[in-house]
Amino acid sequence: MQNSGYPQKFDVIVVGGGHAGAEAATASARLGAKTALVTHKIETLGEMSCNPAFGGLGKGHLVREIDALDGVMGLCADAAGIQFRMLNKSKGPAVWGPRAQADRKLYRQAMQNILLNYPNLAVIPAQVEDIILDSSGRIAGIEIDSGAVLSCGALVITTGTFLRGLIHQGENKTPAGRVGEKPAVRLGETLQRLGFMMGRLKTGTPARLDAKSIDWSVTEQQPGDNPPTPFSFLNTEITTPQIPCHITHTTAETHQVIRDNLHRSPMYSGQIESTGPRYCPSIEDKIVRFADKSHHQIFLEPEGLDDDTIYPNGISTSLPVDVQDKFLCSINGLKDVVVKRYGYAIEYDYVDPRELYPTLQTKKIPGLFLAGQINGTTGYEEAGAQGILAGLNAALLAAGSEEFILSRTGSYIGVMIDDLTTRGVTEPYRMFTSRAEYRLSLRADNADQRLTPLGIKIGCVSSIRSDIFDNKINDLNNSKARMQNLQITPNQLESFGVQINRDGIRRSAFDLLRYKEIGFEKLQEIWPELAQIVPAIREQISIEALYSGYIDRQEADIRSTQRDENLKLPVDMDYAAVGGLSAELIAKLSKARPVNIAAASKISGITPASIVNLLRYVKKQQRRKPKVENEAA
Ligand code: FAD
């Protein structure tokens, strides 16, 4: 409900209606807390500040996990999605990344429709100026720009890039939270005054282009998946029309223009000192860091079905507009391009996430929670995932109930929150599958099985979702049990044209799915009754069968990692020989030469998966090494 004449007292107040705020407010309201979402403008609810897309590698897992806890991001992305693609499809299902290009307007409409009609939730358009503490230093409420005070039991701040935001475009600097929107200055000052460890980070966005001015004939078309796979476990199909994206490339001339003008980029002139997202660098950053590359790929992504705006993904920049004009025209297909809005970089304050408990409540101020970009992350999905956890815990705290914590063994949300609260950030944090040590079991396809039961237990899952989930699990368990009871010997299999090891062991239909050459179609030839299993359940069972052996091994790996933290790493270790380490990690480890596994794990950027690779390698080397000392003795 949109609220005028709102009551002054709430159980939970959420500040900021971005991606973290939307999830925090709805999660809190789902738990029955009387919730207010106080944000600058109703029109910008559901605004995508940068790229018009959701999901991707690791990020798609987060959207599914938000959905599994009955969050709203997946539903809105399904309603607005105009090109769905499952990334990494050539690799195992554990690292598939659901992604969708979204129509900006449809996404905003879907989100506003949900938020303005959500039970227990009042949306209040206002600028939050300050937070109010009671005499014991506990959160008591907020002051808004009209001077009014709203009181609450718990407060969630999700102000994104707005805290003392400063936009850079060449030599020009403008205080703003996003282009055309004012920054949150007093709130930033208050958090600093309260003694929070804070820092500055930066991010950037590319120019927006007029589709009519692009020569599409020299670009490569990229279709979406057919049929598209929805994000939400509540949806079985996508009904929004689907359109393709296009791919183009920078040229030698583009690189030359940028190199000639680096001194005018605020990042290189010293005007910006803060760190930007390493995995989403600006085009000037790419040209400097990957100087040997002759061209870079650019995805030309439509911003909507009835919108002529194109988002050129891959060329975010803070260069001045005259340089942007020059380098854009040198890109294949953009010779006569018309720019609708120029790119820019933005610097903003963040709070060191080590100031937070795993509930995202601050350690300093009881009742105060922080979620989203304010905690040093980047991306809608990372923001939404923190939002849902903070919103749930704020409502639980206000009701005097037990906290809700997600572990890194059971969810990507847990991995992210553990990383943030224990390690802090040195650059904007984004999710990758490599951050999770249990990634074979933390899959996008089984997010509902991992999290929906936890959501049902604390009461944040609607009866509709709960019924759909129960039906699915019954169907899955019955089908699996049926398949485990159908058994066959290798000799019998041969009569169906399948040859496996003739060991005389009877294998079940479920076990046989582990063999690459045996799929459901072959099983159906043997047992025609399997035709009754619906496609969605077949896919789920096939994935579970594929991973059933590996998951045991993975868990053993993790236990051994925990045991072996003190394992010594030789000073002359050749990290390039380890296998599975990125070039960046090899360089970092070779430079740091950590003495043992524990020291290696503290190096920034080292993932749990890379620690497992290090362990395997060192142990293998130890087994190979002749025992010189013993021989001498
Ligand atoms: P936001 O989505 O920023 O929402 C903050 C909300 O808080 C807004 O609605 C705002 O109006 C409200 N608000 C702020 N202060 C107040 C106040 N005092 N009172 C009331 N309301 C307030 N992410 C990527 O993954 N890749 C990128 O390349 C990328 N580039 C970006 C480029 C730019 C220029 C910007 C601005 C962001 C970019 N992002 C990028 C980040 C992405 O937009 C954010 O990660 C995501 O939106 C963060 O969500 P959030 O909910 O934390 O904050």
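This is a predicted model: local features need pLDDT of at least 70, side-chain atom pairs count only at pLDDT 80 or more; totals for chains, interfaces and linings use all residues.

Reader: Which strand gives the most to the shell around the ligand?
Author: Strand 12, with three residues. Strands here are DSSP runs of E, at least two residues, and helices are runs of H or I, at least four residues, numbered from the N terminus.

Reader: Which other elements each supply at least two residues of the shell?
Author: Helix 1 (19-30), strand 2 (35-39), strand 19 (344-351) and helix 10 (380-398) do, along with strand 12 (198-205).

Reader: How many residues surround the ligand?
Author: 34, and the closest are A20, H40, V128, Q373 and G379.

Reader: Which ligand atom lies 2.6 Å from a backbone N or O atom of G379?
Author: An oxygen atom. A polar backbone atom of A20 is 2.8 Å from an oxygen atom of the ligand. For V128, a backbone N or O atom lies 2.8 Å from a ligand nitrogen.

Reader: How much of the ligand does the protein bury?
Author: 98% of the 990 Å² that the ligand exposes when taken alone. Areas come from the Shrake-Rupley method with a 1.4 Å probe.

Reader: Back to strand 2. Are its residues mostly covered or open?
Author: Mostly covered: five of its five residues are buried. Buried means under 20% relative accessible area, with a 1.4 Å probe and protein chains only. T35, L37 and T39 sit on one side, A36 and V38 on the other.

Reader: Why the every-other pattern?
Author: In a regular strand the side chains alternate between the two faces of the sheet.

Reader: What does strand 2 pair with?
Author: Strand 1 (residues 9-15), running parallel, over four bridges. I13 stands opposite A36. Two strands pair if DSSP finds at least two bridges between them.

Reader: And strand 19, what joins it?
Author: Strand 10 (residues 166-169) does, antiparallel, with three bridges. I167 has I346 as its bridge partner there. Strand 10 also pairs with strand 11 (residues 172-175), antiparallel, over four bridges.

Reader: How many residues lie between strand 10 and strand 11?
Author: Two, and the pair forms a hairpin. G170 in the turn has a positive phi of about 60 degrees. L166 stands opposite P175.

Reader: New topic: what caps the N-terminal end of helix 4?
Author: D103, with a side-chain oxygen 2.9 Å from the backbone nitrogen of K105. Helix 4 (residues 104-115) has twelve residues. Its buried residues are R104, Y107, A110, M111, Q112 and L115.

Reader: Last one: is T219 buried or exposed?
Author: Buried, with a relative accessible area of 12%. T219 is in the loop between strand 13 (208-210) and strand 14 (220-222). A polar atom of the T219 side chain lies 2.7 Å from the backbone oxygen of W216.

How values were computed:
Residues are numbered from 1 along each chain as its sequence is written. Side-chain values use heavy atoms; hydrogens and water are left out. A residue is near a molecule or strand if one of its heavy atoms lies within 4 Å of it. A polar contact is a pair of N or O atoms within 3.5 Å; within protein, one must be able to donate a hydrogen and the other to accept it, and residues adjacent in sequence count only if both atoms are side-chain atoms. The expected span of a helix is 1.5 Å times one less than its number of residues. Buried means under 20% relative accessible area, exposed over 50%, partly exposed in between (1.4 Å probe, protein chains only).
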